[in-house]
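Let's take a walk through this two-chain structure together. Have the coordinates open beside you as you read.

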Amino acid sequence: MDVRDYQVLFLVVVAVSALLVASPALSRLLVWPRTEFFTELWILGPNHMAEDYPFNISRGQNYTVYLGIGNHLGYCAYYSIQVKFRNETQSAPTSFGPQNRTPSSLPSLFNVTAIVPDESVWDYPLSFSFDYEFNETLFEVRFYNMTMNRLTLDLGGTSTAWNTNSSKFYGNLTFELWLFNSSTSVFRYDERFVDLKLNMTIS
Amino acid sequence: MGLRGLLRGFLLLTVVVLVLMLSVAAMPVRVFAVATADEARAAVDGAQAQIITCYGAVVEAEGAGGNVTELAGVLNEAGVLLSRARVALENGEYDLAVEFSSSCTGMLVGFTDRAVTLRDSAARERSLDFLVNVDGSIVGAVAVVVAGWILWVHLKRKYGQAGSAV
């Protein structure tokens, strides 16, 4: 018997054994680098599903939605969600378009802050109701205030006109995502938002 | 009722008024304190600054490999209070704004210490994990190769020569 006949087999056995022993190190060193860093923002209906969103709104009636954030930025992020309410003619935010992505110029009614660890999800229930009245003379809906999570937010001065195409009084409840920049210590619009288009019924 | 009765009544009334005045003066000042807009704004800004400091500590702890879910939860609760303080400030309810801001900062007492402790323990664990899994397995792999080579040389000496002699 010549041991050199088994040289290849021996080399393979030693190499495989070495790779097996080195696998914990290899699993840490040979990691595909993350290349996409982004934030998810979503809104869900009252059953935590993407359905049954409130649309036909009655005065004083309470509605619930769930706001969610998924952080894939690679670090624990500090977000602020600015809640705004606007009619069809007021400034709207933009996102994912070719144009400049800008927030609505309207003042924020309420800020929801969220600190979300990397690769984690944050979920927040929001209950809201509106107080408004129909102005027959001007044929418009005039808002007084809205209640969000038992906080009264002033909507005085906001009104919405009759949409002749759809025969509805529309209002938009908008949630803009702002991200805290640690180096400048300010929040910056993260170029994304979600909104609820609401029909203010006057029955 | 004579003059003596009137005098007694007057004295009694004076004593009651004096006692009332003294008790009012002895009450804690904050019961009657009415926060101004500037005070409320300062309280809200202070709470915001506190949250930012704590957030920085959480980022460091996460960077060291710590699980910051619990700490983030506390910060989110503090954030809710800060949001309420802001709304109160906007509505001109300055006392309420100060109260919410105080609750917010109160909730964060000792927070940075907890974050620093988590950061340090996570750094230690990461270092140990690196030592065992990365350094250990690389050394192990080298040992397997060296042992294989020694074994091969030994086998070659023992059976290689015998084989060639046959």
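This is a predicted model: local features need pLDDT of at least 70, side-chain atom pairs count only at pLDDT 80 or more; totals for chains, interfaces and linings use all residues.

Followed along the sequence, chain B reads α-α-α-α-α. Of the 166 residues in chain B, 28% are buried. The contacts within chain B are also worth a look: among those between residues at least 6 apart in sequence, 76% join residues at least 24 apart.

How do α2(B) and α4(B) pack? Helix α4 covers residues 94-107 of chain B, and α2(B) packs with it at an angle of about 20 degrees, the two axes being 9 Å apart. An angle under 35 degrees counts as roughly parallel, so α2(B) is roughly parallel to α4(B). The crossing of α2(B) past α4(B) is left-handed. On the α2(B) side, the residues that make this contact include B:A40, B:A43, B:V44 and B:A47. On the α4(B) side, B:Y94, B:A97, B:V98 and B:S101 are among them. Sorted by class, the contact of α2(B) with α4(B) has nine nonpolar, five polar and one charged residues.

Now turn to the place where the two chains meet. The contact draws 33 residues from chain B and 31 residues from chain A. On the side of chain B that touches chain A, at least two residues each come from α2 (37-63), α3 (69-90) and α5 (111-165). Which helix gives the most to this side of chain B? That is α5(B), with 16 residues. By class, the residues on the side of chain B that touches chain A are 17 nonpolar, 12 polar and four charged.

B:S137 sits in helix α5 of chain B, and it touches A:V21, A:A22, A:S23, A:P24 and A:A25. Is B:S137 buried or exposed? The cut-off for a buried residue is 20 or more other C-beta atoms within 10 Å; B:S137 has 20 and is therefore buried. Within its own chain, B:S137 lies 61 residues from B:N76 along the sequence, and the C-alpha atoms of these two are separated by 41 Å.

Chain A has its own layout. Chain A is divided into domain 1 (1-31) and domain 2 (38-200). The C-alpha centres of domain 1 and domain 2 of chain A lie 59 Å apart.

Finally, take a look at the backbone of chain A. Most residues other than glycine have a negative phi. Against that background, A:E119 stands out with a positive phi of about 60 degrees, although it is not a glycine. A:E119 is found in the loop between β5 (110-116) and β6 (121-135) of chain A. A:S167 also has a positive phi, near 55 degrees, and is likewise a residue other than glycine. The loop that holds A:S167 runs between β9 (159-163) and β10 (168-181) of chain A.

Technical notes:
Residues are numbered from 1 along each chain as its sequence is written. Chains are lettered from A and ligands numbered from 1 in the order in which they are written. Two residues are in contact if their C-beta atoms, placed from the backbone, lie within 7 Å. Helices (H or I, at least four residues) and strands (E, at least two) are DSSP runs, numbered from the N terminus. Ala, Val, Leu, Ile, Met, Phe, Trp, Tyr, Cys and Pro count as nonpolar, Asp, Glu, Lys and Arg as charged, and the others, Gly among them, as polar. Axes are lines fitted to C-alpha atoms, for helices over the stretch in contact, and angles run from 0 to 180 degrees between N-to-C directions. Angles under 35 degrees count as roughly parallel, over 145 as roughly antiparallel, 65 to 115 as roughly perpendicular and the rest as oblique. A crossing is left-handed if the near helix is turned anticlockwise from the far one by less than a right angle, and right-handed if clockwise. Domain bounds come from an automatic or database domain assignment. A residue is buried if 20 or more other C-beta atoms lie within 10 Å of its own, exposed if 12 or fewer, and partly exposed in between; C-beta atoms are placed from the backbone. Lists of a residue's contacts leave out its neighbours within four places in sequence.
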